[in-house]
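Here are my notes on this one, in the order I'd go through them with you. Have the model open while you read.

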Amino acid sequence: MPKIKLNGKEVEVAPGKTVLQACVDNGAFVPHYCWHPGLSPAGNCRMCLVKVSNSRKLEASCMYPCSDNLEVTTEGPEVAKGRQDVLEFMLINHPLDCPICDKAGECDLQDYTYAYRGGVSRFRDKKVIKHTKDLGPNVRIWGSRCIACTRCVRFCEEVAGTGELCLVNRGDHSVVDVFPTIPIDNPVSLNVVDLCPVGALIDRNFLYQARVWFARETESVCASCARGCNVKITALDNRIKRMVPRVNADVNTWWMCDEGRLNTRYLADDRRLTASKGSARDLDAAARKGNFGIVLSTYQTIEEMWLVKRLAEAWKAPVGFLTLTRGERKKFGGLVIEPDKTPNRRFAEKLFGELKPVPAGCKGLFVLNGIPELEGPPELMAAANGAEFLAVSDLRKGPLVEKAQVVLPACAWAEKDGTFMNVDGRVQRIRKAIEPPAAVRAEVAWLQEALGTEPLSAEGVFLQAAKEVPALAGLDYGKLGNQGAASNGH
Amino acid sequence: MTNYNIGSLFKGMFRTFQHLVGKKATLEYPEEKYIPRKGYRGEHRLKKDEQGRMKCVACFMCATACPAECIRIVAGPSPWPDRDKIPVSFEIDLLKCIYCGMCEEACPCDAIELTPTFTQIATTREEKIYDLQKLMNR
Ligand code: SF4
Ligand code: SF4
Ligand code: SF4
Ligand code: SF4
């Protein structure tokens, strides 16, 4: 393995690594735009200049291979001057309209300009103004802000495999565009917005929604398929404004799909169920009369499923399941989109064995449905019509809710704490990003009320479950952290 | 000898007579109008450009600078080709405002300004939350 001297310190690097990778792995900061760990190196932004002992001029570290005894310096006046000059070139045509740019506050160009340049430009001519237009249903471009790093172009070619974006024109007229009549519209298109180091590509759904420094970010997990991509939820005024992926090499690498990213509108739906009818104690009283059935969706958290299992044992009730599968498995680089559109089926199978259908012919029925887009499938409606007593927990109003004697409105996944087990058996935490509508209580609270046990938080319930469920043995919220942990027996 | 401080007594009386005949410090308000000095920081207004359109581009710089957190803006796309973004709603809670003038200082478009209006007359709290219309028409 080659040994290099990084800022005077000797470090060992794996063969074939570039200087920039060695710097990133060893915590030496090197600013860069076009390089991204998930994409091929391009070496076109020239921002990652460092001083190397083999060369008299500064070298772009993202393309420079590590060789034995190479001395690398990432700081110092010469390197700083190099970065300043690169930035001055970049800002020749850049409008610097940060005050109205949605990227401001998390923009690499803004940060590095602030760090390396004194705010002077020697450019006296007119700036080139480029197009501002929609590139697809979700992506809009402000061409003048583009620094032609080609991250977005490489993503569409290498990860999405669709290649909609390309760099058109030459010199300081170069800008990203699509071919006429072929918009960027692939299942992972919005990743180009996260990849864009500047505010050139903007998510049309997030446009003008929030200045990022006012918004609150919560680390959570996407619930729209069984993959469980790690995400950050950006919320402002108790509304989810956007979701962006977090890096997790074991789950989603750097990406997430558009469907999951945009599947937040139901939280603020007009038909959101907010009023309860009856209480969890009424449900318990009715269930103890016997011949009772439970219907559980695989959208519920581990904690909720475990509490339902205990209720089922107390009531001697059979448990049937609501699931949702759609489409087929799709792979985009390190991201696999699952056909199972619920986040916790794997745990349901661990806890209840093979998932049974909705129990038919019960006198009483308790339906716990957290699947946003599922409303009363026919077999459920038939079972409900045959039952004398019906208790429902759902996100939205619907025919089932109208029939029910007991209604307990559900919390959406972003409104509660809990855990999901993803398709690979990895247990990951979801965290409360926004408050549920007033009067809506977390499921774990009223499920424990129905059980008649001492009310614990989601974390407490998880600890209890971890003692009894072998798949969770030895886990707690601390161990799960923000990257999750593989479950036992996986 | 005891010191009666006669000198100070005369000095004090001299000051009193000076004020009796000199320029008055008080004002017969409200019959007489008070005109604040230049640069006085009173209630806000939003300025218009030559075409009568709002100058504000909803950049939230004022809201970011405001230490009292009393500016609430909702942004939207602009109908005019010369800019991208305008405020859909713009509210200042003048009861929370501390009239520091930071918003005026922060604005990159010279769109917000503190006027010399110093009177705080209202019968409800809501009246002192100025919206876009009210701020534009002042
Ligand atoms: S891309 Fe960055 S530097 Fe350019 S206007 Fe937007 S925030 Fe400012
Ligand atoms: S649009 Fe953004 S990501 Fe694409 S080339 Fe321009 S700056 Fe890079
Ligand atoms: S004057 Fe000061 S406190 Fe009042 S709105 Fe402006 S910044 Fe806020
Ligand atoms: S700083 Fe000026 S332009 Fe920006 S939102 Fe406030 S008033 Fe409008």
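How much area is buried between chain B and chain A, and what share of that area do carbon and sulfur atoms give?

1. First, the ground rules. This is a predicted model, in which local features need pLDDT of at least 70 and side-chain atom pairs count only at pLDDT 80 or more, while totals for chains, interfaces and linings use all residues. Residues are numbered from 1 along each chain as its sequence is written, chains are lettered from A and ligands numbered from 1 in the order in which they are written, and side-chain values use heavy atoms, with hydrogens and water left out.

2. Now the interface. About 970 Å² is buried between chain B and chain A, and carbon and sulfur atoms give 66% of it; buried area here is the accessible area (1.4 Å probe) that two parts lose on being put together, summed over both. Chain B puts 13 residues in contact with 10 residues of chain A, contact being heavy atoms within 4.5 Å.

3. On the polar side, 5 residue pairs between chain B and chain A are in polar contact, both at pLDDT 80 or more. That term means a pair of N or O atoms within 3.5 Å; within protein, one must be able to donate a hydrogen and the other to accept it, and residues adjacent in sequence count only if both atoms are side-chain atoms. The rule also finds 1 salt bridge across this interface: B:Arg72 with A:Asp237, at 3.4 Å, N to O. A salt bridge is a side-chain nitrogen of Lys or Arg within 4 Å of a carboxyl oxygen of Asp or Glu.

4. Which elements of chain B give two or more residues to the side that touches chain A? They are helix H2 (61-65) and strand E2 (71-77), where helices (H or I, at least four residues) and strands (E, at least two) are DSSP runs, numbered from the N terminus. E2(B) gives the most, with 4 residues. By class, that side of chain B has 8 nonpolar, 2 polar and 3 charged residues. Ala, Val, Leu, Ile, Met, Phe, Trp, Tyr, Cys and Pro count as nonpolar, Asp, Glu, Lys and Arg as charged, and the others, Gly among them, as polar.

5. Next, the ligands. The shell around ligand 1 includes A:His94, A:Asp97, A:Cys98, A:Cys101 and A:Cys107, and divides into 6 nonpolar, 3 polar and 1 charged. Ligand 2 has 13 residues around it, with A:Cys146, A:Cys149, A:Thr150, A:Cys152 and A:Cys196 coming nearest. A residue counts as near if one of its heavy atoms lies within 4 Å.

6. Over all chains there are 40 salt bridges. One of them pairs A:Asp177 with A:Lys133 (2.8 Å, N to O). A:Asp177 lies in strand E9 and A:Lys133 in strand E6 of chain A, so the pair ties together parts that are 44 residues apart in sequence.

7. Two backbone spots to look at in chain B. A cis peptide bond joins B:Tyr29 and B:Pro30, with omega about 5 degrees. B:Ala58 has a positive phi, near 55 degrees, in a residue other than glycine; B:Ala58 is found in the loop between E1 and H2.
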